[in-house]
Amino acid sequence: MAVDTHVFRYAIQLGWVPTAKQHEQHNAKAKSKDEKWPVLSRDTTYQHLDAMFPDRLKYSMHLIMTDTERGLPTVCTARDTLSLKNGKLFVNDKPLLEVARDSGLKPGKR
């Protein structure tokens, strides 16, 4: 899955990549240079997501996270925060489906 600005931000917000605190704690415990995690970047996020998502989902997930007409960027701007709670996606603590409906989007419709 290609990692652009949207995907990078969402991956961090959704906890799909280690947080700065987790990174720091892991590297403090690492016994050798080879055990240390690299600095979080778009490249390392790509590697992490590539290993995390099955091939059959990568393209669909990329479209969901980058499509500026029907994807997350239509309802989740750079100032918004995504979160997962009990397996449901929220935008600024409001359920994604509710945000989409308020924006005039109809889930499943093109």
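## The nonpolar core

The largest nonpolar core has 21 residues, and those touching the most other members are Met1, Tyr10, Trp16, Leu49, Met65 and Leu82. Helices α1 (5-13), α4 (55-66) and α5 (96-102) each supply at least two residues of this core. The most comes from α1, which gives 4 residues. The model described here is predicted.

Apart from its neighbours within four places in sequence, Tyr10 is in contact with Met65, Leu72, Pro73, Cys76 and Leu82. Among these partners, Met65 and Leu82 also belong to the group that touches the most other core members.

## The chain as a whole

The protein chain contains 5 helices and 3 strands. Read from the N terminus, the order of the elements is α-α-α-α-β-β-β-α. Of the 110 residues in the chain, 32% are buried.

Contacts can also be sorted by separation along the sequence.

## Helix α1 and its ends

Which residues of α1 are buried? They are Val7, Phe8, Arg9, Tyr10 and Ala11. The elements that cover these buried residues include α3 (42-52), α4 and β1 (82-85).

The N-terminal end of α1 is capped by Asp4, which has a side-chain oxygen 3.1 Å from the backbone nitrogen of His6. After α1 comes Gly15, with a positive phi near 75°.

## Where α1 meets α4

Two packed helices are described by the angle between their axes and the distance between the axes. For α1 and α4, the axes come within 9 Å and cross at roughly 95°. Angles from 65 to 115 degrees count as roughly perpendicular, so α1 is roughly perpendicular to α4. The residues that meet are His6, Val7 and Tyr10 in α1 and His62, Met65 and Thr66 in α4. By class, this contact has 3 nonpolar residues, 3 polar residues and no charged ones.

His6 lies in helix α1. Is His6 buried, partly exposed or exposed? His6 counts as partly exposed because its relative accessibility is 23%. The C-alpha atoms of His6 and Met65 are separated by 6.5 Å, although the two residues are 59 residues apart along the chain. Leaving aside neighbours within four places in sequence, His6 is in contact with Met65 and Pro73. Tyr10 likewise has Met65 and Pro73 among its contacts.

## Asn27 in helix α2

Asn27 belongs to helix α2, which covers residues 20-29. Its relative accessible area is 14%, so Asn27 is buried. Beyond its neighbours within four places in sequence, Asn27 is in contact with Lys36 and Trp37.

Most residues other than glycine have a negative phi, and most peptide bonds are trans. Which way does the phi of Asn92 go, positive or negative? Asn92 is not a glycine, yet its phi is positive, at about 50°. Asp93, also a residue other than glycine, has a positive phi near 65°.

Asn92 lies in the loop between β2 (88-91) and β3 (94-95), and Asp93 lies in the loop between β2 and β3 too. Asn92 has a relative accessibility of 42%, so it counts as partly exposed. Asp93 is exposed, because its relative accessible area is 55% and the cut-off for exposed is over 50%.

Definitions and conventions. Residues are numbered from 1 along each chain as its sequence is written. This is a predicted model: local features need pLDDT of at least 70, side-chain atom pairs count only at pLDDT 80 or more; totals for chains, interfaces and linings use all residues. Side-chain values use heavy atoms; hydrogens and water are left out. A nonpolar core is a set of buried Ala, Val, Leu, Ile, Met, Phe, Trp, Tyr and Cys residues joined through side-chain atoms within 4.5 Å. Buried means under 20% relative accessible area, exposed over 50%, partly exposed in between (1.4 Å probe, protein chains only). Contact means heavy atoms within 4.5 Å. Axes are lines fitted to C-alpha atoms, for helices over the stretch in contact, and angles run from 0 to 180 degrees between N-to-C directions. Angles under 35 degrees count as roughly parallel, over 145 as roughly antiparallel, 65 to 115 as roughly perpendicular and the rest as oblique. Ala, Val, Leu, Ile, Met, Phe, Trp, Tyr, Cys and Pro count as nonpolar, Asp, Glu, Lys and Arg as charged, and the others, Gly among them, as polar. A polar contact is a pair of N or O atoms within 3.5 Å; within protein, one must be able to donate a hydrogen and the other to accept it, and residues adjacent in sequence count only if both atoms are side-chain atoms.
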